[in-house]
Amino acid sequence: MALGYALAAAGAAFYAFGGIIAKLVFAGGVEPATLAEFRILFAFLFYLGFVALTRPAELRVRRAELPFLGLFGILGLGGVQLAYYEAIDRQPLGVALVIEY
């Protein structure tokens with residue numbers, strides 16, 4: 001149980017730290033859409049490699065599932081990241097987090 005609490009606390013800390021880093025990146029001139037695109041791309045590549053090494057059978061999907069998975073990735077994951085980055089680009093980080101979650 002202690003491990004679960006530790007992982008939850010670490011996840012929350014990393015999530016908050018990510019917002020601070022994003023604000024610094026935006027100040028450097030990177031657009032929120034570009035940052036969201038790269039975050040989703042590199043997360044996908046990391047998890048694809050991890051799952052391919054540890055549980056390759058989990059990567060098998062039916063052809064009929066591909067459109068759903070594509071839409072989920074673009075709209076579900078990409079849309080949420082884009083909305084989050086646009087929100088923290090336009091207003092203080094704490095306000096954006098309260099509104100989004």
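Mentor: Gladly; here are a few labels and the values behind them. Keep in mind that this is a predicted model.

Trainee: What makes the confidence of the protein chain what it is?

Mentor: On a scale from 0 to 100, the protein chain averages a pLDDT of 90, and 99% of the residues score at least 70. Confidence is highest in H2, with a mean of 94, and lowest in H4, at 78.

Trainee: Why is Gln81 called buried?

Mentor: Its relative accessibility is 15%, and buried means under 20%, so Gln81 counts as buried. You will find Gln81 in helix H3.

Trainee: How do you know that the side chains of Gln81 and Arg39 make a polar contact?

Mentor: The distance between them is 3.0 Å, and the cut-off is within 3.5 Å; the pair therefore qualifies under that definition. Setting aside neighbours within four places in sequence, Gln81 is in contact with Arg39, Ala36 and Ile40.

Trainee: Which residues form the largest nonpolar core?

Mentor: There are 10 residues in this core: Ala22, Phe26, Leu35, Ala36, Tyr84, Tyr85, Ala87, Ile88, Leu93 and Ala96. Helices H1 (2-27), H2 (32-54), H3 (66-90) and H4 (93-100) each give two or more residues to this core, and H3 brings the largest share, 4 residues.

Trainee: What does Ala22 touch, not counting residues up to four places away in sequence?

Mentor: Ala22 touches Leu35, Tyr85 and Ile88. In soluble globular proteins, nonpolar side chains tend to be buried together.

Methods:
Residues are numbered from 1 along each chain as its sequence is written. This is a predicted model: local features need pLDDT of at least 70, side-chain atom pairs count only at pLDDT 80 or more; totals for chains, interfaces and linings use all residues. Side-chain values use heavy atoms; hydrogens and water are left out. A nonpolar core is a set of buried Ala, Val, Leu, Ile, Met, Phe, Trp, Tyr and Cys residues joined through side-chain atoms within 4.5 Å. Buried means under 20% relative accessible area, exposed over 50%, partly exposed in between (1.4 Å probe, protein chains only). Contact means heavy atoms within 4.5 Å. A polar contact is a pair of N or O atoms within 3.5 Å; within protein, one must be able to donate a hydrogen and the other to accept it, and residues adjacent in sequence count only if both atoms are side-chain atoms. pLDDT is the predictor's confidence in each residue, from 0 to 100.
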